[in-house]
Amino acid sequence: MSQLSQKEQWASKIGFILAAAGSAIGLGAIWKFPYVAGTSGGGAFFLVFLIFTLLLGYPLLIGEFVIGRHTQSDAISAYKKLAPHTLWHVTGWIGMIACFILLSFYSVVGGWIILYLFRAVSGELGGLSQVQYGELFGQLISDPFQTLLAQFIFILLTIIVVAKGIQQGIEKASKLMMPALFLLFLLLVFRSMTLDGAIEGLKFLFVPDFSKLTSEAVLYALGQAFFTLSLGVSVMVTYSSYLNKEQSLPKSAISIVVMNAFVVVLAGLAIFPAIFSFGMEPNAGPTLVFAVLPVVFNHIPFGSLFFIAFLILFLFAALTSAFSMIEIIVASVAKNDAKKRQSATWLIGILIFIVGIPSCLSFGVLADFQVFNRTIFDIADFTVSNVLMPLGALLISLFVSLKIAKDTLFDELRQGSTISKLFFDIWFFLIRYVAPIAILIVFLDVLGFLDFLK
Ligand code: PFF
């Protein structure tokens, strides 16, 4: 029997969309967005984030899909196929390195969810006040043994699913859990918005105060837009390489963008009204949702049961994102070889765990180890979210518009869909000019090169 199995494909249209949406929807929307919005100015941050999502995120998502489906290749080979004998495949390497570092700290937060889940199941989380939840959570994440074990379990779950392959593993799991997550969020939002004083939270989220919008906040909004859509790291190139020609790329992309934005808004609506209603501060940082959400559940009948259900789905949302991070690396290493896939997934997963240990300890024994006022966890996050992802996105937008012939792009976009020439022209304009220029401006602004304009 030949070693090389046939290239796997998604079993269904909806399977691909859910898996890609599963990659997008995760800690970025539920954990990161609320705390970054909370420290970066609320409404104005949210508005800029939405603009970036639509004007840069959507076109880039289509761009990654085009590269992946056209080449049917992993992240490195795809660039090599389209631009042989050039250095463009470095874009794929940036994606792989970014995903490696990303999973190394993402799994830390995934582990926190597991720890919380154990506590919730054993009944230890019911009926505390928000201050007590804050304290309990602080203690929990500073315990090196428990957090490392939980991080390891999170990575182990990721390895087990991804080693199985895309149809059996990733696709089946996503189909079940994503819709359940939506439903539970609706319940949470309803409760949070009917708390006393909820309106202040809505104002914080929806009424922009541009005086709070610093250059850094704009960079964070850009990073957040790419982060939540899993862009710039060729994950979407890899996922769409398993796609047949019958699927409409623009339609798949818009459903992913809309679902993702929907979860971001739901998370905001679940959290900010509650924060203001309980008299808490929105700028608590990475621990924010873990201190706020249990209190909201305390205000719901059978809250502890719902909280357990929520944590399971939250964990799942994080896992479906983690699958995609490891998948891009595995796909590049194993290249459709089913046997290699198994061993590569295990090896890469374990390496990621080892590299992630210092990030995990950043909330405990290594908390005081800081460079430029940032812990190792913060540095890893900043490097991926605000440097590598925007840089990757810049390269991908240039690659698509400069290195792939316009006719080829148009043909690929029309496979499985009926887009007009006007749609194509607008998309091309956005990806060729608007995306790279906007990313460059945000970078230059943060580095201080545009200060003379102020
Ligand atoms: N989009 C994921 C989230 O919002 O949690 C994070 C992510 C997954 C980023 C996969 C990048 C990636 F390649």
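This is a predicted model: local features need pLDDT of at least 70, side-chain atom pairs count only at pLDDT 80 or more; totals for chains, interfaces and linings use all residues.

Colleague: OK, which residues come nearest to the ligand?
Modeller: There are 17 residues around the ligand, and Ala24, Gly28, Tyr106, Phe227 and Val235 come nearest.

Colleague: What classes of residue are in that shell?
Modeller: Ten are nonpolar and seven are polar, with no charged residues.

Colleague: Which helices supply at least two residues of the shell each?
Modeller: Helix 1 (13-24), helix 2 (27-39), helix 5 (90-121), helix 10 (215-228) and helix 14 (303-334).

Colleague: What lies 2.8 Å from a nitrogen atom of the ligand?
Modeller: That's a backbone N or O atom of alanine 24. Serine 23 has a backbone N or O atom 3.0 Å from a ligand nitrogen. With serine 230, an N or O atom in the side chain is 3.0 Å from a nitrogen atom of the ligand.

Colleague: And how much of the ligand does the protein cover?
Modeller: 100% of the 340 Å² of accessible area that the ligand has on its own. The ligand sits in the largest cavity.

Colleague: New topic: what's up with phi of glutamine 72?
Modeller: Phi there is near 50°, a positive value in a residue other than glycine. Glutamine 72 lies in the loop between helix 3 (43-71) and helix 4 (75-82).

Colleague: What about phi of asparagine 373?
Modeller: Asparagine 373 also isn't a glycine, and its phi is positive, near 70°. You'll find asparagine 373 in the loop between helix 15 (338-361) and helix 16 (376-403).

Colleague: Is asparagine 373 buried or exposed?
Modeller: Exposed, because its relative accessible area is 69% and the cut-off for exposed is over 50%.

Methods. Residues are numbered from 1 along each chain as its sequence is written. Side-chain values use heavy atoms; hydrogens and water are left out. A residue is near a molecule or strand if one of its heavy atoms lies within 4 Å of it. A polar contact is a pair of N or O atoms within 3.5 Å; within protein, one must be able to donate a hydrogen and the other to accept it, and residues adjacent in sequence count only if both atoms are side-chain atoms. Accessible areas come from the Shrake-Rupley method with a 1.4 Å probe; for residues, only the protein chains shown count as cover. On a 1 Å grid over the protein atoms alone, a cavity is a set of points where a 1.4 Å probe fits but cannot get out, and a pocket is an open set with protein on both sides within 12 Å along at least five of seven lines; lining residues have an atom within 4 Å of a point. A molecule sits in a cavity or pocket if more than half of its atoms lie within 2 Å of its grid points. Helices (H or I, at least four residues) and strands (E, at least two) are DSSP runs, numbered from the N terminus. Ala, Val, Leu, Ile, Met, Phe, Trp, Tyr, Cys and Pro count as nonpolar, Asp, Glu, Lys and Arg as charged, and the others, Gly among them, as polar. Buried means under 20% relative accessible area, exposed over 50%, partly exposed in between (1.4 Å probe, protein chains only).
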